[in-house]
Amino acid sequence: MDTLLAETDIEEALSAAYAHAVAACAGYVVATKNFDRDGVDLTIEAGDTFRPKIDVQLKATINLEPTGDNFRYPCRQRNYDLLRIETQTPRILVVLKLPQNRSDWLTLTPENLILRNCAYWVSLVGLPPTDNETSTTINIPIRNSFDVESLKELMQKSRTGSLS
């Protein structure tokens with residue numbers, strides 16, 4: 001086998017490609033962080049007078065199953081703590097739900113480039129601290145699909161400095 005990337009590296013690359021594609025279709029600029037020191041993988045920036053931004057932590061998983069109106073996701077404790085604090089630029093977690101079968105993740109034909117399935121976003125600002133050491137399970141609303149329309153809405157909210 002000649003692959004250099006571990007499965008988690010591939011998942012990370014696909015989540016970044018998804019976020020870049022959504023931002024590009026919305027007409028926004030994406031800046032990738034060289035080092036994840038602050039729980040931020042990339043920043044999405046819009047134009048106009050205020051130049052709103054959103055910081056994004058990206059994840060991908062094959063284990064994102066719905067429970068009622070939410071997905072339950074075990075967020076690593078470091079990410080949970082960094083995403084729940086208030087910052088000047090609003091932060092969100094974006095989780096790409098991948099199919100169980102790796103061969104279904106990406107399909108390329110002359111007519112289509114299909115990346116399955118969908119990504120979902122959540123803001124953790126204001127959630128309480130926990131005594132957990134490894135992870136905290138969070139709810140990601142199923143209605144929070146990360147698509148062009150939702151990104152535009154998030155960017156509009158970012159103009160106020162808050163996503164609530």
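A: Buried here means under 20% relative accessible area, exposed means over 50%, and partly exposed lies in between (1.4 Å probe, protein chains only). The model is predicted, with pLDDT of at least 70 needed for local features and 80 or more for side-chain atom pairs, while totals for chains, interfaces and linings use all residues. Residues are numbered from 1 along each chain as its sequence is written, and side-chain values use heavy atoms, without hydrogens or water.

Both Phe71 and Tyr120 are buried. They belong to the count of 1 aromatic pair, a pair being rings of Phe, Tyr or Trp (its six-membered ring) with centres within 6.5 Å; planes under 30 degrees apart are stacked, over 60 edge-to-face, and the rest tilted. The ring centres of Phe71 and Tyr120 are 4.6 Å apart and the planes stand at 55°, so this pair is tilted. Phe71 is in strand S5 and Tyr120 in strand S9 (residues 118–122), so that the pair links distant parts of the chain, 49 residues apart. Strands (E, at least two residues) and helices (H or I, at least four) are DSSP runs numbered from the N terminus.

Helix H2 (residues 77–84) is largely enclosed by the rest of the structure because 6 of its 8 residues are buried. Those six are Gln77, Asn79, Tyr80, Leu82, Leu83 and Arg84.

Ser158, in helix H3 (residues 148–158), is buried as well, at 3% relative accessibility. A polar atom of its side chain lies 2.6 Å from the backbone oxygen of Lys53. Beyond residues up to four places away in sequence, Ser158 touches (heavy atoms within 4.5 Å) Phe50, Pro52, Lys53, Ile54, Pro90 and Leu163.

Ser162 sits in the segment after H3 and is partly exposed, at 27% relative accessibility. Leaving aside neighbours within four places in sequence, Ser162 is in contact with Pro90 and Lys157. From Ser162 to Leu151 the C-alpha distance is 14 Å, across 11 residues of sequence.

At the surface, Leu106, Leu108 and Leu113 form a nonpolar patch with about 330 Å² of accessible area together. Such a patch joins nonpolar side chains (Val, Leu, Ile, Met, Phe, Trp, Tyr) within 5 Å, from residues with over 30% relative accessible area and no salt bridge; a salt bridge is a side-chain nitrogen of Lys or Arg within 4 Å of a carboxyl oxygen of Asp or Glu. Accessible areas come from the Shrake-Rupley method with a 1.4 Å probe. Leu113 lies in strand S8 (residues 113–115) and is exposed, at 62% relative accessibility.

How values were computed. Patch = residues over 30% accessible without salt bridge, like charges linked within 9 Å, V, L, I, M, F, W, Y side chains within 5 Å. Polar contact = N/O pair within 3.5 Å; in protein donor to acceptor, adjacent residues only side chain to side chain.
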